[in-house]
Amino acid sequence: MGVRLGCCAAEPDLSSPPPKKDIMMVPLTMSRESTSSSLEEKLPGRAKAKPVTDPLAMYDLSSEYEIPGELLVDYEKSDPTRGGIQAIMDQIIDMEDYKEMKNKPDFVAFTKIGTMLNKDQIIVKANIDLGSKFTIKEILNVMGDIENRTGWDKASKEYFLDRRYSDCLLRKRYEIIVPMPFMQNREFVEKQMTFRANGKMYIYSSSVDDSLEPLKPTLTRGRTLICGSRISHVDGSVKITMVSQMDMKLLIPPVLLGGKMVSEIEIFKDNLIKEMERRMNS
């Protein structure tokens, strides 16, 4: 039967319930974004749905990824893969015989004489609690901004990217050795790689062979045995564990060098927070 069109509408029958409205069915082919958009129009104030993205996906390297051979030092050659580097980091960070040197709510530092990399040089470990104010991505953006590093990292006189080898950065830096007037500044030439594994971020640095960068006669070149960070979420906070073992090419009493390294890491932490807050508010 066709639809009848009249000149006037029929009076509604109030004695019977109103007819049910058709229920709109969302086709299975409709995207989640399209569905949420229609809901947002019906629910004012609802946060607009955003596609789920992983801001740290760029740091995912296969455990079989190998560091370019010309960047390797002796102890890295037995397993030059990303998995091998992670194992070195975890083993050194998780050693049990560190001695506590400083304990604050957001900064706890430890020292130890010797590691599997060098039995004579002191190593420093620091646990840093950055709370929930910053994301890991924001932290990496600041720590990895080599071009602007000297603007806030006061321990480095120069800090710049020299060359890139695949996923490794080769960098040169001149470290200011203060307040130790009997020591000259030290030059370090290091490789650095940043990667994610098992839900944690790793930043790993170590020296390269001197042949990759000519020595300057006016500077003493130190050796970075290991310098790095392991960053993770723990109980809603971002926690950073930093380790540093250096060969300064000078006999320094371990207590004196350890105390200086602890102080430098704490200053680094304070300056890192200031720089992240500055960028957040700019």
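A polar contact is a pair of N or O atoms within 3.5 Å; within protein, one must be able to donate a hydrogen and the other to accept it, and residues adjacent in sequence count only if both atoms are side-chain atoms. With that in hand, let's look at Lys 125. The backbone oxygen of Ile 93 sits 3.0 Å from a polar atom of the Lys 125 side chain.

A word on the model: it is predicted, with local features needing pLDDT of at least 70 and side-chain atom pairs counting only at pLDDT 80 or more, while totals for chains, interfaces and linings use all residues. Residues are numbered from 1 along each chain as its sequence is written, and side-chain values use heavy atoms, leaving out hydrogens and water.

Lys 125 is buried yet has no salt bridge. Here buried means under 20% relative accessible area (1.4 Å probe, protein chains only), and a salt bridge is a side-chain nitrogen of Lys or Arg within 4 Å of a carboxyl oxygen of Asp or Glu.

Helices are DSSP runs of H or I with at least four residues, and strands are E runs of at least two, numbered from the N terminus. In H2, 9 of the 12 residues are buried, so the helix is largely enclosed by the rest of the structure. Strand S3 (residues 122-129) is where Lys 125 lies.

Technical notes. Buried < 20%, exposed > 50% of the residue type's maximum accessible area, 1.4 Å probe, protein only. Lys, Arg positive; Asp, Glu negative; His and termini not counted.
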